[in-house]
Structure formats: structure tokens, C-alpha cells
Amino acid sequence: MDSRSTSNPRSPIGDPGLPQAYVVRSQRERLREAMIRVAAAKGYEATTVADVIEIAGISEDAFYEAFEDKQACFLEAYDAVIDVLVAHVTTAFEAAEGEPWPDRIAAGLRAMVELLAAEADIARMAMVEVTAAGDAARERYRAALARFTPFLEEGRAYSGQGDELPPDTARFAIGGATSMIFDEIRAGRGPELLRLLPDLVFAVLMPYLGPEAAEDEMRRVARGD
């Protein structure tokens, strides 16, 4: 844990007319946002509480009233990021209701890569820095990936061979896709993620449809059909 120092003199005193619950919530949100930005810029290991409170404009005492330590702040910020990402994918997937399942998967994947490409800090925190934040963060990462498996379970019925697929098929498919995203973001190519979309579609659909049908879907996405 970072050692405490004197309170940040830039910390806002606050409006005495505001309810205390609002002030506390606002401070937590600012600290989470600051953690996302600092961890993405410096890396989790190099990030300090002092960095976070400087960006947030909040006193150190207020930080420790909200969070036990740097990791606790990171984990809460990470959970918030994943909530946004899952909601974004869910909206796109559900908006394609009535379309064939592969098209709905492509829509969800497109929404994911568009958001990650547009929000570089969120992308780096969600996919890269979480792996450096300790065992608890890595467990959070595994739990986050599991939140995407319901989108894939429909593929068992669509494939016509659902009974023959291993129980962990969805996890394997998600793992393959996220490993490609991880490599691109770590290499600094996060803003270019959209060009990876056809490959991601193939990686997710192949276990369900087989290589030939998945390749057809990949080419269709590449053409923009």
C-alpha cells in the first residue's frame, strides 16, 4: 500500500448543500475514472495512490475513506469498465434479434471492438493491465469473460451438433478471441481493432459451425455484407 502523506490541497471542499451520499458517490466515481486513466498510461504496477488522487483532485484521506488500497480502487474501476462493455455488447446483440445467430455474434463483436478502439484507456485496463494487478484481478478477469458466454450458448442449437460440443466450448471460443484482442492492445494497435473483426468472428463461430462455414461468415463480415 502507498504510504499516506498530507491531504491534497487541490481537493474540493464540497458544497455544504449537497447530500453527503452524493459527495461520496461523486468522489468514488472520480477516483475510479482517475485509476482507469493512470493505470492505462503508466501500467498498474507503476501507478500510485498519489497519482490517482492528483488526477481526481481528491484528498488522500478521502481516497482511503473510499478504498482500502490501490488494488481495491483498481478492482472497482475494472468492474465498472466491464459493466459498460457487457452492456454495450448486449445492446448490439439484442438489436439484431430476428437475425441468424452468426449475424448477432458479429454485431456484438463489432460493438465490442468499436468501443475498445475508441476508448484506449478502457481497452488497456480491461484487457492488459488487469493481468498485472494480482490474483484477485485475474480472477475478476476470468469472471468477466464468463459474462460473455450466454451470447454463445445459442450456437449449440444453431450448429445442429450441440450435444457433441464440449461443455467449455463457449469459454474456449471467447478465450481465442480475447487473446487476439490482448495482443493487439498490448502492441499499441488498439485503435485499429476494427480490422480484426473478421478474424474474431471466425474464432468465435468456428467451434460451433466448423471451419468452412465460419470462414464463409468471416468473409461476409470482411465484405461488409
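Trainee: Where is the place of Met-112?

Mentor: Met-112 has its place in helix H5, residues 101–118, where helices are DSSP runs of H or I with at least four residues, strands are runs of E with at least two, and both are numbered from the N terminus. This is a predicted model, in which local features need pLDDT of at least 70 and side-chain atom pairs count only at pLDDT 80 or more, while totals for chains, interfaces and linings use all residues. Residues are numbered from 1 along each chain as its sequence is written, and side-chain values use heavy atoms, with hydrogens and water left out.

Trainee: Is Met-112 buried or exposed?

Mentor: Met-112 is buried, because its relative accessible area is 10%, and buried means under 20%, exposed means over 50%, and partly exposed covers what is in between, using a 1.4 Å probe and protein chains only.

Trainee: And what does Met-112 touch?

Mentor: If we set aside residues up to four places away in sequence, Met-112 touches Leu-85, Val-89, Phe-148 and Ile-181, where contact means heavy atoms within 4.5 Å.

Trainee: Stepping back a bit, how many helices and strands does the protein have?

Mentor: The secondary structure comes to 11 helices and 0 strands, and buried residues make up 47% of the 225 residues in the protein. Among the contacts with a separation of 6 or more, 67% are accounted for by residues 24 or more positions apart.

Trainee: Okay, and at what angle do H5 and H8 pack?

Mentor: H5 and H8 pack at an angle of about 160 degrees, with their axes 10 Å apart; the axes are lines fitted to C-alpha atoms, for helices over the stretch in contact, and angles run from 0 to 180 degrees between N-to-C directions. H5 and H8 are therefore roughly antiparallel to each other, since angles over 145 degrees count as roughly antiparallel, those under 35 as roughly parallel, 65 to 115 as roughly perpendicular and the rest as oblique.

Trainee: Is the crossing of H5 and H8 left-handed or right-handed?

Mentor: The crossing of H5 and H8 is left-handed, a term used if the near helix is turned anticlockwise from the far one by less than a right angle, with right-handed used if it is clockwise.

Trainee: Which residues in H5 meet H8?

Mentor: In H5 they are Trp-101, Pro-102, Arg-104 and Ile-105, and they meet Phe-151, Leu-152, Glu-154, Gly-155 and Tyr-158 in H8. By class, the residues of the contact of H5 with H8 divide into 6 nonpolar, 1 polar and 2 charged, where Ala, Val, Leu, Ile, Met, Phe, Trp, Tyr, Cys and Pro count as nonpolar, Asp, Glu, Lys and Arg as charged, and the others, Gly among them, as polar.

Trainee: Which residues of helix H8 are buried?

Mentor: In helix H8, residues 149–159, the buried ones are Phe-151, Leu-152, Gly-155, Arg-156 and Ser-159, and the buried residues of H8 pack against helix H4 (70–95), H5, helix H9 (169–186) and helix H10 (197–209). Just after H8, Gly-160 takes a positive phi of about 80 degrees.

Trainee: New topic: where is Thr-47 found?

Mentor: Thr-47 is found in the loop between helix H1 (20–42) and helix H2 (49–56), and it counts as buried because its relative accessibility is 1%. Apart from neighbours within four places in sequence, Thr-47 is in contact with Met-35, Val-38, Ala-39, Lys-42, Val-52 and Lys-70.

Trainee: And why is Arg-138 partly exposed?

Mentor: Arg-138 is partly exposed because its relative accessible area is 30%. Arg-138 lies in helix H7, residues 135–146, and, leaving aside neighbours within four places in sequence, Arg-138 is in contact with Val-130 and Thr-131.
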